[in-house]
Amino acid sequence: MPRITVTLGLFIFLFSAEAGNTGRPNIVFLLTDDQDVTLGGETPMAKTKNLVGDKGMVFENMYVSAPLCCPSRSSILTGKYVHSNGAVNNSLAGNCSSSYWQRTQEVKAFPTYLKGQGYTTFFAGKYLNQYGMPKAGGVEHVPVGWDWWMGLVGNSKYYNYHLSVNGTLEVHKNDPEKDYLTDVINRHATSFLDMQSSTSGPFFMMLSTPACHAPFTPAPKYQNNFANKTAPRDGSYNKHGHEKHWLIQQAITPLPNDTVATEDQVFRNRWRTLLSVDDMMENIVNILQQKDLVDNTYIIFSSDNGYHLGQFSMPIDKRQLYEFDVRVPLMIRGPNVTPGQVIKEHVMNIDLAPTFLEIAGLRSTPEQMDGLSLTPFFAKPSNKTWKRSTILIEHQGEYRDVTRGCPQFKHQNMANCNNHCVCEDSWNNTYSCVIRQEPSVSPSQPGRRVKYCLFKDNENFQEMYNLDIDQDEFINLAISLPESEKKNELGCFFFKDHETTQKKESRLVHNISDMAVKNVGNGEITVDNLLTYSSISGDASSCDEQFSRLKSYLNRGSEPYRSQLQPLLYPLFVHLYLDQLCNGHKTPAHRFYSKHVKLFENEKSYTQTLESIHKLYNRSDVLGCLEATDFRENKFKIKLSEEALEYLLRHLKQEDNSTLFQIFNQHIQLENTDDRELDGKLDLAEGMPTTKEEVEKTEEELEDTEAYKALRQLFKQVRELPPSLPSICFYTFINAYQGLCTVDISPDKTLLSAGFEDSSIKLWSTTPSLLQSIPQTVDPCKVCLASHSWNVNMEEESKPRFTEMVTMRGHSGSVYKTCFSQDSKYLFSASKDSTVRLWDLSTHTNKVCYRGHNAPVWDLDVGSLGCYFASASQDRTAKLWVSDRIYPVRTFAGHNLDVDCVKFHPNCNYLATGSSDRSVRLWTLQDGKAVRLMHGHRGTIMTVAFSPNGSFLASAGDDKRIRVWDLSSGQLYKELKGHTDTIHCLTFNRNSSMLASGGLDGTIKVWDIRKGVASSSSHSDGVSSPELLGSFSTKSAVVTYLQFAEYNVLRGAGGV
């Protein structure tokens, strides 16, 4: 198998004030191959360091998405993690420049967006390892988005290679003057730059050299440099990798003499090849200076993965999870870059594409990209708003059935073995790693940088390192962790700060369909659950068990459910079979096929698909089969009655059917047979109670008697009258010295909660009864000493405790929001410490800590379905959560400033957010897209509320105005004025005819939104709108909470 290569990147962004360039920068991206940081890979490039690093900024913690050429390069092109872009290794079967990758990923790579911005694009050098191969489209294939194309066919070479020049084959041999590839790229770059000027329009140029990849061939003029240099002997060089994955432990320590000699020679030649790249950098800068463009140029220099030479006695390669393979250089110079900066935040190669696009003028990063733009770092000496503290690194091991020269490894699935049969890769060298910067506890306790990795092998081997005190990664902390704590550590590292935030959540986050999957991994938070490459886990037998149970259940079922549900078996069967093949379970997959295919033999419409997929044997076959691809890319639609769906769910909930749940949610679209077409309008009525019009329709069907007509007339007259003003029950918090932030009343109206600035949560009963706390068997808040065992009545200790008020502590910052669950058994709280916590109201203890935001969480709301809740944060995002998972399942990103409030639509299909950017957005929970954007406020939006009938959304905030929006059209319905200070709360009454509001002015105002009064936009500030029914003063209490209850009672609360 050819070695995998890494590339180093240089980017130049030119900001021109000339009319022809319209102020947009030119971009030059220079990419090298396999350049490390930890072994001194930047040392030979003194010119680059002087021209870029010394005149700009240096990123110390630049990581790659995968320590392998094609996956890393695919991430650079697409801005997506490996599991999102699908290129998992350097082979066609692994989607390296495969036709499938070209159809699905290449068409959305960053060059296509640059073309949309009016850029001329140029590429020269190595693209992807399989590019130009016959099965990848040959040299005729020019990737979409490139105007000028000079792509290397295959992997890195220096001589004797082929190029695709705008789709035409160009053959190069071994003449040092004409064919040395780095120099060829340099000459083409010079020719292209010679045609450019500040008035010729913006361009993007990507240069991808073979240096310093194997075969490590230097240019003749540099072949004698560094004659006395040897590979670094410090750190982990020639030291055995104890307590590491078995592949590392099979290395020979000490290294054989011939291996050491080879490593030293490779080390010298790698440096020598980089000298030609250094010359290229100097040439580019000189041309830009001659053309008076350099002052308007951004230059970025980086690499696609690292390298090792004897570290942990592993001979020569990459592919490992350690810093020498995954950390790479990154330097940036430009007119807006403050020179001399050293950036310590975690950045990644997936951030490069969003950076290009933002500099090119694209207003927002494409939603499918996982990366974040690096432009926030340009102007500031230090950046406090970077939204990533956790990064993901993935590798899928490659292998061969037969390892040349090592017959003992036949059928052992090893790869890249040297003459001593020390192998660099294997089938189970498949892992996912998270590197997390933990927040600091105090100045004396700064947060540590921790790397946690989980292997996808037979033993789920784990490695964990503290990168601050163990930079060489000798001490595997996972070995010393008790088994009971490993899950906690994993949950902490994976989900504590789960971001990529400001984006539609990275593929680390489950989409809305995944929320229905129960009992995944028996409820444990594991890397496999989060980062699996497909919907099937390693246990292929579960597929057959779950399908067989469902088949038996349906065969025993009664009509009409059985006939409605039987069609489900076919798509489930096909997807389970294909997913098993994609995960390497060939034998179980064909056994599954043979066992169940007879169910569908009599259905002629299924015959072609079944015959096609029966011939498949692995993932590559599946990706190359048109019928299988179409089946997997399109949802299978089935119509069911509500009763049939309930009948199905009863079975699925009885046992572990997580695999079937995933197939349902990802590949099958269930439609209600009673659904109506809505003519493109939002489906706001779904799940709503019977409307007034439906009631009237039912009434018309009754006997049309004179008495009934009179009764209907009375009803009509009553409806046309102004709504009755509510009775108001207001709870005032007096002397709230702790700083009252939020109040909430439970749905059953028996509990009152409040959150304070001192990080405490207090709970009261609204009834005469005292609060009851059931003692915990284990109380983590109590430190037990031996002396406590004396004179303790254990029977008394185990009795419930009764009190008037309960104080709950757990947050480390102000509590900005509390919210009860629908059953009033739990309380959610949001805090300045960026967490959301779940409290058990029977024991009054914290049960769960949800971490996903990386800034204060301002607001919370619990959905009507009970298990879902949403949060809004200063990090400019809202997140959707399910209570039994400690990580968000959806991120809603699009606001430009803080998201200050969040609210579920009554049917739980939509979510509304209000922001400091003065906009209100309505999002669909199914795909996370904004379907309504409402502007018009003149200040921060502090609160939003839906009408119970789902037709209207009200918003208010700093501008003292209430705006009511018609959701079916997204247009303004009413604007209400009358408050004299910021409005903090809104609520509709039960029949959606009245709206109540309150805020800093200490008044509660009730509005008639049903009444046909003209919009009050002509009224000046301070004059109440005609819709105002009544205004009630609290004298001096700020109104923090309002909620309509039964019998037209308006409950409110606030502090003095």
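Where is the place of D36 in the chain? D36 sits in the loop between β2 (27-33) and α1. Helices and strands are DSSP runs, numbered from the N terminus, where a helix is H or I with at least four residues and a strand is E with at least two.

This is a predicted model, in which local features need pLDDT of at least 70 and side-chain atom pairs count only at pLDDT 80 or more, while totals for chains, interfaces and linings use all residues. Residues are numbered from 1 along each chain as its sequence is written, and side-chain values use heavy atoms, with hydrogens and water left out.

**The chain as a whole**

The secondary structure of the chain comes to 26 helices and 53 strands. Of its 1056 residues, 57% count as buried. Buried means under 20% relative accessible area, exposed means over 50%, and partly exposed lies in between (1.4 Å probe, protein chains only). Among contacts between residues at least 6 apart in sequence, 65% join residues at least 24 apart. A contact here means heavy atoms within 4.5 Å.

D36 has a relative accessible area of 3%, so D36 is buried. Leaving aside residues up to four places away in sequence, D36 touches G41, E42, R270, G306, Y307, F324 and P329. P329 is 293 residues from D36 along the chain, and the C-alpha atoms of D36 and P329 are separated by 7.1 Å.

Helix α1 covers residues 46-53, and its buried residues are T48, L51, V52 and G53. They are on the same side of α1, because they cover an arc of only 160 degrees around the axis. The arc is that of the directions from the helix axis to the C-beta atoms.

Several backbone features fall in one loop. The peptide bond from A214 to P215 is cis, with omega near 15 degrees.

F226 is also found in this loop. Although F226 is not a glycine, its phi is positive, at about 60 degrees. F226 counts as partly exposed because its relative accessibility is 23%. E243 has its place in the loop between β9 and α8 too. E243 is not a glycine either, and has a positive phi of about 60 degrees. With a relative accessible area of 39%, E243 is partly exposed.

**Disulfides**

The structure holds 4 disulfides, a disulfide being a pair of cysteine sulfur atoms within 2.5 Å. With bonded cysteines counted along the chain, they follow the pattern 1-2, 3-5, 4-6, 7-8. The table gives some of these pairs.

| Pair | S to S distance | Torsion about the S-S bond |
|---|---|---|
| C406 and C421 | 2.1 Å | about -105 degrees |
| C417 and C423 | 1.9 Å | 100 degrees |
| C433 and C453 | 2.0 Å | about 115 degrees |

The torsion of C406 and C421 is about -105 degrees, so this disulfide is left-handed. The pair links distant parts of the chain, 15 residues apart: C406 is in the loop between β17 (390-395) and β18 (414-417), and C421 is in the loop between β18 and β19 (423-426). C406 has 1% relative accessibility and counts as buried, and C421, at 13%, counts as buried too.

The link of C417 and C423 is right-handed. C423 is buried, with a relative accessible area of 0%.

The disulfide of C433 and C453 is right-handed, because its torsion is about 115 degrees. The pair links distant parts of the chain, with C433 in strand β20 (residues 431-437) and C453 in strand β21 (residues 449-455), 20 residues apart. Both ends are buried: C433 has a relative accessible area of 1%, and C453 one of 0%.

**Helices α17 and α23**

Two packed helices are described by the angle between their axes and the distance between the axes. The axes of α17 (residues 569-582) and α23 (residues 658-667) come within 10 Å and cross at roughly 105 degrees. That makes α17 roughly perpendicular to α23. Axes are lines fitted to C-alpha atoms, for helices over the stretch in contact, and angles run from 0 to 180 degrees between N-to-C directions. Angles of 65 to 115 degrees count as roughly perpendicular, under 35 as roughly parallel, over 145 as roughly antiparallel, and the rest as oblique. The contact is made by L572, H575, L576 and D579 of α17 and T659, L660, I663, F664 and H667 of α23.
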